Structure formats: structure tokens, C-alpha cells
Amino acid sequence: MEFFRGALFPMKIKLNNAGLILSVLVALFFCGPRGWSQPNGVKHASDFTSVEYFAAPHQQQIKSRLSGAEAQPQAGGLLVIKQLKLETFTMDGKAEFIVEAPECVYDTQKNAANSSGHLQLRTGDGKFHVAGEGFLWRQNDSFLTISNQVRTVIETGPAEKTGL
Amino acid sequence: VKKIFLILWFAAAAGSWSHAQTNTNTVLQMPREPTRIDSDRADFDIAGHKAIYRGNVRVNDPQMKLTCAQLVADLPQPGERMNHIVAETNVAIDFVQEKNQTNHATSDQAVYLYNVQKGVTNETVTFTGHAKIETAQGWLTGEPIIWNRVNNSLTARNQKMIYRQTTTNAAAVNTNRVSAPK
């Protein structure tokens, strides 16, 4: 088993979405800079990070950062990702949302991730936290569906009232 | 006579709300429990900053409990708070006033709005569609009923009040005496 080690970060891959970034990741498995292509071998990446930047004129600002402990290519353009972490940022650099899942399957053709397992989402300020079981993440329109047992906790300051 | 009923009822209610607000202010000095939302499933439009909770939605808040079939919330920007929430279908809200007096509100839809304009805080819950609030004094219906959470007051258009016949509230007893046919 060969390992493709080393983080992609801070390579400045200016792509439209993380799905394309993952596509590049898949491509790197087979056409890596060191010519590690081994069609008959089982390959995976570990401790990878990839970033997406805002469009000009904010091309220096990170829009999202995708990382994982392991990515295992599967047939049909699928990737099994372990310890997925997706972070999105506002244009002024503040952490906006953090999504974490122990394991999921990413479809590089549909730019979508899904899992029957656990998922957590929280805002950058930590005041809004969501957890659930089973999810579908559509990267193209940044849409997340949590299928079961959705639990949200909203922290408010001592001097604030809550919403409803 | 009907007008007198409403004035008396709102006077009693306003007194209760004022006490409730006093109590609330006391509570606000203490650490606050978080708000919890549970549902069968949920959609999050990350780019659109919107959360849609579906199926058996339950909101558990130190100040009230809510159940409904669907709840749509605008996700706050970093450092901000939720300012627009819409609860739909079989909405039921229980909120406790002084002396553990629980009010029970039901409607087809409830819309929470929060904003600060020119230094003035506006925070309301608007009940529409078969809106009804049950209190210790009786039942209030209207279209809509607006719960102003800043001063804990209730206002309603096309309101109708039905009083309980057996009550220990002094104001309500007097009201009943006035309303009882001779």
C-alpha cells in the first residue's frame, strides 16, 4: 500500500469549489508530481488539506478549507474520507461554519458527500451547534441535509433573550 | 360591556406581564441555559444562511417551549444572534408567567422577529392562523396576536376573549361579576 503523504495546503489551487479540489486530489493519486501512478495498486492520501479562495478582487481570502485524515479512492469517482473537516469563511476572514464528520463518501462527479454516520456543524463563534445522524452535503449549492435525530444547541449570552 | 371586559382583561394581563418582565430581568443576571432545537431532519442552506427543521420540531428554551411541524430560521452571521424564525403547522408555545402560571398559545404560524433600530430593540412573536392564547383568565383569539417580548405585552386584532367561570384571579372575578347576566 502506497501513501500519498503531505498536505496540499498551502498550495493555492484557485478552483470554484471543494469538489473540484477533490477531483484534483483524485488526479494527483494517479498522476502525482512524483509519478506515483500505479493503476493496479491501492492508494490513498492522508492528512490532506485543500483550500478554496474567493473570486477576484478577494482572491487572497480563503473561502473554504477542506481537510481529512484519510482519503481512499473508490470506483466511480468516489472517495471515502475519514475525519472530514470543512470550514467556510467570510470575506473578512472570520470563521463562518465548521462541518465535521468521522467518515463520509464523496462523489467527485456530483460534488456531493454523504454518510449514514454522525455529523456536526457549528458556527465560527461557537454559539450555534448542530449534530445529527446521516447527511448529504451538496457542494455546488452549499446545501446540507441531516436525515435523522437533528439536535441544535444555541448558546446565548446571560443578558440576551433567545429567539422563539 | 364587551369593551369593558377587554380593558379589564388586558389590565390584568398587563399586570401579569409586567411582573413577568421584572422576573425576567432578575433571571437575566444569572447564567442562561442554551436553547435546544430537536427535529427529525433538517436542511441547512449554508450560502443562504437558512436552516429548515422538519418533522416533530421541539424547541426547549428557558423561557418557553415550542412544538411545530416545520421551523425555518435565518442563521446568524458570526457574532450576531438569530433575528428571524418562522414556525409553521400546528404551532404550540407554552410560556410561564409569574406564580408558575403557564400560557398556552396555538396557531398555524408564528413569526419571531428581532431587530434594533436607532437604538430601540424590537422583539415580537406574531401568531397567525387560528391564533389562540390560553391563560389562567381564559382564552384570547385574534388575527393576528402579537406578543411583544420587549415589554411582555399582547395585542390582537379582531380579538375575542372568553373568560373562565371558575377563577381565583380578583380582576377576573370582578370581570365575571360585571359580565354575568342579572
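User: How much area is buried between chain A and chain B?
Analyst: Buried area is the accessible area (1.4 Å probe) that two parts lose on being put together, summed over both. This is a predicted model, where local features need pLDDT of at least 70, side-chain atom pairs count only at pLDDT 80 or more, and totals for chains, interfaces and linings use all residues. Residues are numbered from 1 along each chain as written, chains are lettered from A and ligands numbered from 1 in written order, and side-chain values use heavy atoms, leaving out hydrogens and water. Carbon and sulfur atoms give 58% of the area between chain A and chain B, which is about 3200 Å².

User: Which element gives the most to the side of chain A that touches chain B?
Analyst: The contact (heavy atoms within 4.5 Å) takes 35 residues from chain A and 42 residues from chain B. Strands here are DSSP runs (E, at least two residues), numbered from the N terminus. With twelve residues, the top contributor on the chain A side is β8(A).

User: Which residue of β1(B) is the bridge partner of A:Val153?
Analyst: Two strands pair if DSSP finds at least two bridges between them. β8(A) and β1 (residues 35-39) of chain B run antiparallel, joined by five bridges. In β1(B), A:Ile154 has B:Thr35 as its partner. For A:Val153, the partner is B:Arg36.

User: Which residue of β3(B) is the bridge partner of B:Ile37?
Analyst: β1(B) also pairs with β3 (residues 50-61) of chain B, antiparallel, over three bridges. The partner of B:Ile37 there is B:Val59.

Key:
Helices (H or I, at least four residues) and strands (E, at least two) are DSSP runs, numbered from the N terminus.
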